[in-house]
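Please examine the sequence and the structure shown below before reading on. The briefing that follows is arranged by topic.

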Amino acid sequence: MENLQAIGIEKSDCNGHFKENFETIAVRTQSERTQFQEHSVPLYLTSSYVFEDSEDMRAGFAEEKERNIYSRFTNPNTSEFVEKIAKMEGAEAGYAFATGMAAVFSTLAALLNSGDHIVAARSVFGSTHGLFTRYFPKWNISHSYFDVNKPETIESFIKPETKILFAESPTNPGVDILDLKLLGEIAKKHDLILIIDNCFATPYIQNPIKFGADLVIHSATKLIDGQGRVLGGVTVGREDLIREIYLFSRNTGPALSPFNAWVLSKSLETLSVRLEKHCENALKVAEFLEDDEQIGWVKYPFLKSHPQYEIAKRQMRLGGNVVAFEVKGGIEAGRKFIDSLQLCTRSANLGDTRTIVTHPASTTHSKLSEEERLEAGISDGLVRISVGLEHIDDIINDLKNALNN
Ligand SMILES: *Cc1c(COP(=O)(O)O)cnc(C)c1O
């Protein structure tokens, strides 16, 4: 973590080989204790840091010393958060952002030049699609989409100008799975930077670097926070690339706030325990929906009926907490179902303790044309459920009542 980490945080030399187990990293990676000997890490609400003398100041700015200068660059709370995620993902370095989208934008903007080309899976997060289609063309950066169900076509989209291969797995909101090993091989063969948005899996469930990813992005707003409180984002991976992203961000200012970093680092302490339960509940919800006659289809990575079940089992520890399904009867039946829920919340977030149900076609993906939505695998009746931590019987009862209404 050369220069990127605040003083007092141990260097990670994981590279995919954990010195400690995941749960121990989550709980024990912590900023150095202050003279007050606090047990739990304090909140460092400070915009800047003090220099001993002019020589200290010069050396700090020249990056001859690893030290905090200004919280747009580094802060002990954000460094602790980054350090944990980097260790969990087996990454060399990282940088934390105010939101997941700030992470996506800054990572791509730091690495791309005018004239460059991105190859991406068509099923990407709505705002990422917005970046590719509405904003990057302003800087002469183009993209081509491949169909998640036709990975054999990926190479046909690669051009001499292609620099980045970008994908999410599982995808939002369709819960499709991409073969990370295959993506890693293609990126290596064509000398592309492979970037994986690992938001739906979290570092507990899936580690894309093991399969050849150069960079891994998370929206920490989702399962990493896990309680619907703060926004955050992070990119971890190859040190040379993170260096570019860090310098870009240091100048452009998308840094994560120390308060949010403190909350998120605390959240990571319980990530594994929360996810075990989230995923157990989600599998039960998926199994319940699969057996219900009013449901057209159900997609959950760890259901045998998922088209990429074998790949999911190879690269994921658990199936995640998101289930996609279609209520028979199209858009009207879907809306009636959502309106009849009593316990599950209608909200735009996901990865919360509270079970959340959304209708992507009329909300998160409403800016896409119907054709674009269908190409991204989002039918009008598709419902996405982010399964929470309420008692499983209560979640299923609510779904059952809403379906029978
Ligand atoms: C939510 C989300 C993002 C954006 O994260 P924010 O923190 O909301 O900016 C990016 N990618 C995926 C897959 C997401 O689900």
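Which residues does Lys 222 touch, not counting residues up to four places away in sequence? Lys 222 touches Cys 199, Leu 350 and Gly 351. The structure is a predicted model, and the protein averages a pLDDT of 93.

**Lys 222**

- The loop between β6 (215–219) and β7 (233–237) holds Lys 222.
- An unreviewed UniProt entry places the feature "modified residue: N6-(pyridoxal phosphate)lysine" at Lys 222.
- Lys 222 counts as buried because it has 23 C-beta neighbours inside 10 Å, and a residue is buried if 20 or more other C-beta atoms lie within that distance.

**Helices α4 and α8**

- Two packed helices are described by the angle between their axes and by the distance between the axes.
- Helix α4 (residues 100–111) packs with helix α8 (residues 239–252) at an angle of about 110°, and their axes are 9 Å apart.
- Angles of 65 to 115 degrees count as roughly perpendicular, and α4 and α8 are therefore roughly perpendicular to each other.
- On the side of α4, the contact is made by Ser 106, Thr 107, Ala 109, Ala 110 and Leu 111.
- On the side of α8, the contact is made by Leu 241, Glu 244, Ile 245, Phe 248, Ser 249 and Thr 252.
- Of the residues in the contact of α4 with α8, six are nonpolar, four are polar and one is charged.

**Two exposed residues**

- Ser 47 lies in the loop between α1 (22–28) and α2 (54–61).
- With 9 other C-beta atoms within 10 Å, Ser 47 is exposed, because a residue counts as exposed if 12 or fewer such atoms lie within that distance.
- Leaving aside neighbours within four places in sequence, Ser 47 is in contact with Tyr 70 and Ser 71.
- A distance of 44 Å separates the C-alpha atoms of Ser 47 and Lys 159, which are 112 residues apart along the chain.
- Glu 370 lies in helix α13 (residues 370–375).
- Glu 370 is also exposed, with 11 other C-beta atoms within 10 Å.
- The C-alpha atoms of Glu 370 and Ser 142 are separated by 22 Å, and these residues are 228 residues apart along the chain.

**Confidence in the model**

- A pLDDT of at least 70 is reached by 95% of the residues.
- Residues 1–17 have a pLDDT below 50, and this stretch has 40 contacts in the model beyond near neighbours in sequence.
- Where pLDDT is low, the predicted coordinates should not be read in detail.

Note on methods. Residues are numbered from 1 along each chain as its sequence is written. This is a predicted model: local features need pLDDT of at least 70, side-chain atom pairs count only at pLDDT 80 or more; totals for chains, interfaces and linings use all residues. Axes are lines fitted to C-alpha atoms, for helices over the stretch in contact, and angles run from 0 to 180 degrees between N-to-C directions. Helices (H or I, at least four residues) and strands (E, at least two) are DSSP runs, numbered from the N terminus. Angles under 35 degrees count as roughly parallel, over 145 as roughly antiparallel, 65 to 115 as roughly perpendicular and the rest as oblique. Two residues are in contact if their C-beta atoms, placed from the backbone, lie within 7 Å. Ala, Val, Leu, Ile, Met, Phe, Trp, Tyr, Cys and Pro count as nonpolar, Asp, Glu, Lys and Arg as charged, and the others, Gly among them, as polar. UniProt positions are given in the numbering used here, feature names are shortened, and annotations may be inferred rather than shown by experiment. pLDDT is the predictor's confidence in each residue, from 0 to 100.
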